[in-house]
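This report goes through one protein chain, from a pair of side chains to the whole fold and its surface. The sequence and the structure come first.

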Amino acid sequence: MRYLTWIVTLPIALIAVLFAVSNRDVVTWALWPLPFTLEAPLYLAALLALLAGFLAGGFIVWNAQRRHRRRARRESDRVLFLEREVKEAQARATAAEKRLAELSRPVSGAGTGVGLPVPAAPTSTATTVH
């Protein structure tokens, strides 16, 4: 990307320097209703006009993209909000799993699960023949 910048910038800079060297004649700038006049080299007048056009175009494009920047900022805020909600939900799920594990852990001394009745030993009323 850096090379592309140089490939574009160097020819433009060379053209600007050649234009400045070739057009050193003095021109008079005057704004009709005002009494001010300014004498400057022709290249300065042309380059300032190009700079003003560049800045005006940049401002127009920047202003036109305002809607997209606003939407991207809102979506970024929404992503942060949802990520925070996911972390909170994961923390709640972890805490719930921990509580469930504590509740389903056997009580010391009892060989059965929580709250389940111990089945009675089978009693048989029939006599056994040996």
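Phe59 and Trp62 both belong to helix α2, which covers residues 42-64, and they sit 3 residues apart, about one turn of the helix. The model is predicted. It contains 1 aromatic pair. That pair is formed by Phe59 and Trp62, with 6.0 Å from centre to centre and 35° between the planes, a tilted arrangement. The pair is classed as tilted because planes under 30 degrees apart count as stacked and those over 60 as edge-to-face.

**Fold and confidence**

The chain has 3 helices and 2 strands. Read from the N terminus, the order of these elements is α-β-β-α-α. The mean pLDDT of the chain is 86, and 83% of the residues reach at least 70. Confidence is lowest in helix α1 (residues 2-22), with a mean of 89, and highest in α3, with 96.

Of the 130 residues in the chain, 2% are buried. Among contacts in the chain with a separation of 6 or more, 6% join residues 24 or more positions apart. The chain has an accessible surface of about 12,300 Å², and carbon and sulfur atoms account for 67% of that area.

**Nonpolar patch**

Which residues form a nonpolar patch on the surface? They are Trp29, Leu38, Leu44, Leu48, Leu51, Phe54 and Leu55, and together they have about 670 Å² of accessible area. Helix α2 supplies the largest share of the patch, 5 residues.

Phe54 is located in helix α2. Phe54 counts as exposed because its relative accessible area is 63%, and the exposed class begins over 50%.

Trp29, another member of the patch, lies in strand β1, which spans residues 26-30. Trp29 is partly exposed, with a relative accessible area of 31%. Apart from neighbours within four places in sequence, Trp29 makes contact with Phe36, Thr37, Leu38, Leu44, Ala45 and Leu48.

**Salt bridge**

How many salt bridges does a search of the whole structure find? The search finds 1. The partners are Glu75 and Arg71, whose closest N and O atoms are 3.5 Å apart. This pair qualifies because the cut-off for a salt bridge is 4 Å. Glu75 and Arg71 both lie in helix α3 (residues 66-103), 4 residues apart, about one turn of the helix. Glu75 is partly exposed, at a relative accessible area of 47%, and Arg71 is also partly exposed, at 46%.

**Exposure of selected residues**

The table collects the computed exposure of residues discussed above.

| Residue | Relative accessible area | Class |
|---|---|---|
| Phe54 | 63% | exposed |
| Glu75 | 47% | partly exposed |
| Arg71 | 46% | partly exposed |
| Trp29 | 31% | partly exposed |

Conventions. Residues are numbered from 1 along each chain as its sequence is written. This is a predicted model: local features need pLDDT of at least 70, side-chain atom pairs count only at pLDDT 80 or more; totals for chains, interfaces and linings use all residues. Side-chain values use heavy atoms; hydrogens and water are left out. Rings of Phe, Tyr and Trp (its six-membered ring) pair if their centres lie within 6.5 Å; planes under 30 degrees apart count as stacked, over 60 as edge-to-face and the rest as tilted. Buried means under 20% relative accessible area, exposed over 50%, partly exposed in between (1.4 Å probe, protein chains only). Contact means heavy atoms within 4.5 Å. Accessible areas come from the Shrake-Rupley method with a 1.4 Å probe; for residues, only the protein chains shown count as cover. Patches are made of residues with over 30% relative accessible area and no salt bridge: like charges are joined within 9 Å, nonpolar side chains (Val, Leu, Ile, Met, Phe, Trp, Tyr) within 5 Å. A salt bridge is a side-chain nitrogen of Lys or Arg within 4 Å of a carboxyl oxygen of Asp or Glu. pLDDT is the predictor's confidence in each residue, from 0 to 100.
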